[in-house]
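Thanks, everyone. I will go through side-chain contacts today, aromatic pairs and salt bridges. Here is the structure.

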Amino acid sequence: MQFKFTKMHGLGNDFIVIDAINQSISLTRENIRFLADRHFGVGCDQVLIVEKANSNADFRYRIFNADGSEVEQCGNGARCFVRFVHDHGLSKKKEICVETASGLIFPKLESNLDVTVNMGIPRFNPSDIPFIADKRSSSYLLDINGEHMEISAVSMGNPHAVMIVPSIEDAPVRTMGAQIESHPRFPQRVNAGFMQIIDRHHIKLRVYERGAGETFACGTGACAAVVCGIERGLLASDVTVSTRGGDLRIQWNGEKQPVLMTGPATTVFEGTIGLPSGEHTPTSL
């Protein structure tokens, strides 16, 4: 099977975007892992599938991590999604309604070609994240190798744990991020964010993403960090989030209000790829 794809990124968080409306696509978990492999495939953090909606939305948006697992939401991917459907003539609307596994989102193409995404209302109740805790709190103690680390927990359509650190450069993102990702108190695993607060309007952030490892940027992670900081009284309602790939603007007016995320989406190249037969799939996959 051969099909067309587009390679895109949002602040270095990179994607393979596939139009499954105008071509027939059926991908297994192994296929996703092959495509995401940076040596044998195209290489990406996530594979994004553009499909016809099952509802009255304009499109359906499916997201697969590099390990082949399907996830509910991806903020940087949502920005690339709206640029893709606009650039490929799938929609002339500046703002579209997109169906995801976690509900509807409403990305909007701005005049400067940045994209603003209404990421929905954050969910803090432990059962909604999901996170094992007796009751909702602005912070929790998480046992990591016998040490109690303070985190905040929230769902932005996918689960996030956010830790405040003195410096993101010195933060143990790869080691502790992996431990938090698979912590038993997060039954569906979790994205682990490490947030350095510069001032009430500016943070620095690194994220260890569930199923992908550390990425250059994480849109839902930026939203999660800001809303957790606001919940704890540490941040204002309009915050610049500096990631290793660049800056995002996150706005949140508090409880029961949606989070707005604004940032760029960039096309890198387009191509056609065929999937290998099973016996030629690299054993590292």
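Let me start with one residue. Tyr140 has a relative accessibility of 7%, so Tyr140 counts as buried (buried is under 20% relative accessible area, exposed is over 50%, and partly exposed is in between, with a 1.4 Å probe and protein chains only). Before I go on, the conventions: this is a predicted model, where local features need pLDDT of at least 70, side-chain atom pairs count only at pLDDT 80 or more, and totals for chains, interfaces and linings use all residues. Residues are numbered from 1 along each chain as its sequence is written, and side-chain values use heavy atoms, with hydrogens and water left out.

Now the aromatic rings. A ring pair is described by the distance of the centres and the angle of the planes. Here, rings of Phe, Tyr and Trp (its six-membered ring) pair if their centres lie within 6.5 Å; planes under 30 degrees apart are stacked, over 60 edge-to-face, and the rest tilted. Searching the whole structure gives 6 aromatic pairs. For Phe59 and Phe81, the centres are 5.9 Å apart and the planes sit at 70°, so this pair is edge-to-face. The pair links distant parts of the chain, 22 residues apart: Phe59 is in strand E4 (residues 59–65) and Phe81 in helix H2 (residues 75–87). Helices (H or I, at least four residues) and strands (E, at least two) are DSSP runs, numbered from the N terminus. Both Phe59 and Phe81 are buried. Phe131 and Tyr140 have ring centres 4.8 Å apart and planes at 70°, so that pair is edge-to-face. Phe131, at 4% relative accessibility, counts as buried. Phe59, Tyr61 and Phe81 form one aromatic cluster.

Next, charges. A salt bridge is a side-chain nitrogen of Lys or Arg within 4 Å of a carboxyl oxygen of Asp or Glu. The count by this rule is 19 salt bridges.

One of them joins the side chains of Glu255 and Arg136, at 3.1 Å from N to O. Glu255 is partly exposed at 41% relative accessibility, and Arg136 is partly exposed at 33%.

In another, Glu214 meets Arg174, with the closest N and O atoms 3.6 Å apart. Glu214 lies in strand E14 (residues 213–215) and Arg174 in helix H3 (residues 173–181), so the pair ties together parts 40 residues apart in sequence.

Finally, Arg189 bridges to Glu181, the closest N and O atoms being 3.1 Å apart. Salt bridges that share partners also join Glu51, Arg60, Arg62, Glu70 and Glu99 into one network.
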